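Student: I would like to go through the terms used for this model and see what each one rests on. Can we take them one at a time?

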Amino acid sequence: MSAEEFTRFAARLAAITSAVGDALEADGEERAPDMEVPVLWMSALGHAVAAVLPTLSEHTQRAVLDLVEDGMASGGELLRTAVATGLLEALAHDMDRSRVPRDLVEPLLGAQSRAYLRAWDEFTLGEPSP
């Protein structure tokens, strides 16, 4: 069931760092996935990741984005869609607005996450990101 998959994703993230959950709550969002609108919850999660990523250790940064990649690579269809169109697109938005450094995020992205963001940039900008 997809709700369980989202709950496991959130629990794995919480085990990596509480900072993302703290940022979610600071923005008025719940730490637990909202299964009524999972893409919107995942978008809030993407903004929270962008907000705290620069403050995390390199090991923790990598672990967070490895989890994102795992969701893209091996999650069920709903989780993959929510990670892509929610979390990654929110992260792209925050990189485009210099809220999180692109040169911090991009080296940490897995192959599928990177490919999705390249395709997103080509779709929205008409070209790959700089």
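Student: Which residues of helix α2 are buried?

Tutor: In α2, which spans residues 19–26, the buried ones are A19, V20, G21, A23 and L24. Before going on: this is a predicted model, in which local features need pLDDT of at least 70 and side-chain atom pairs count only at pLDDT 80 or more, while totals for chains, interfaces and linings use all residues. Residues are numbered from 1 along each chain as its sequence is written, and side-chain values use heavy atoms, with hydrogens and water left out.

Student: What makes a stretch a helix, and what makes a residue buried?

Tutor: A helix is a DSSP run of H or I with at least four residues, numbered from the N terminus. Buried means under 20% relative accessible area, exposed means over 50%, and partly exposed lies in between (1.4 Å probe, protein chains only).

Student: What do the buried residues of α2 pack against?

Tutor: They pack against α1 (2–16) and α3 (38–52). Contact here means heavy atoms within 4.5 Å. After α2 comes G28, with a positive phi near 85°.

Student: Why are α1 and α4 called roughly antiparallel?

Tutor: Axes are lines fitted to C-alpha atoms, for helices over the stretch in contact, and angles run from 0 to 180 degrees between N-to-C directions. Angles under 35 degrees count as roughly parallel, over 145 as roughly antiparallel, 65 to 115 as roughly perpendicular and the rest as oblique. The axes of α1 and α4 (residues 58–74) cross at roughly 165° and come within 9 Å, so the pair is roughly antiparallel. On the α1 side the contact includes E5, F9 and R12, and on the α4 side T60, A63 and D70 are among the residues.

Student: And why is α1 roughly parallel to α3?

Tutor: Their axes cross at roughly 10° and come within 13 Å, so α1 is roughly parallel to α3. The contact is made by F6, F9, A10 and L13 of α1 with P38, W41, M42 and L45 of α3.

Student: What makes R31 and E25 a salt bridge?

Tutor: The rule asks for a side-chain nitrogen of Lys or Arg within 4 Å of a carboxyl oxygen of Asp or Glu. For R31 and E25 the N to O distance is 3.0 Å, and the pair qualifies. D22 joins E25 and R31 in a network of salt bridges. The rule gives six salt bridges as its count.

Student: Why do R31 and E25 count as partly exposed?

Tutor: R31 has 33% relative accessibility, so it is partly exposed. E25, at 45%, is therefore partly exposed too.

Student: How do you know whether D94 and R99 are buried or exposed?

Tutor: D94 has a relative accessible area of 3%, so it is buried, whereas R99, at 52%, counts as exposed. The two form a salt bridge, with the closest N and O atoms 3.2 Å apart. D94 lies in helix α5 (residues 77–96). Leaving out residues up to four places away in sequence, D94 touches G46, H47, A50, R99 and V100.

Terms used
Helices (H or I, at least four residues) and strands (E, at least two) are DSSP runs, numbered from the N terminus.
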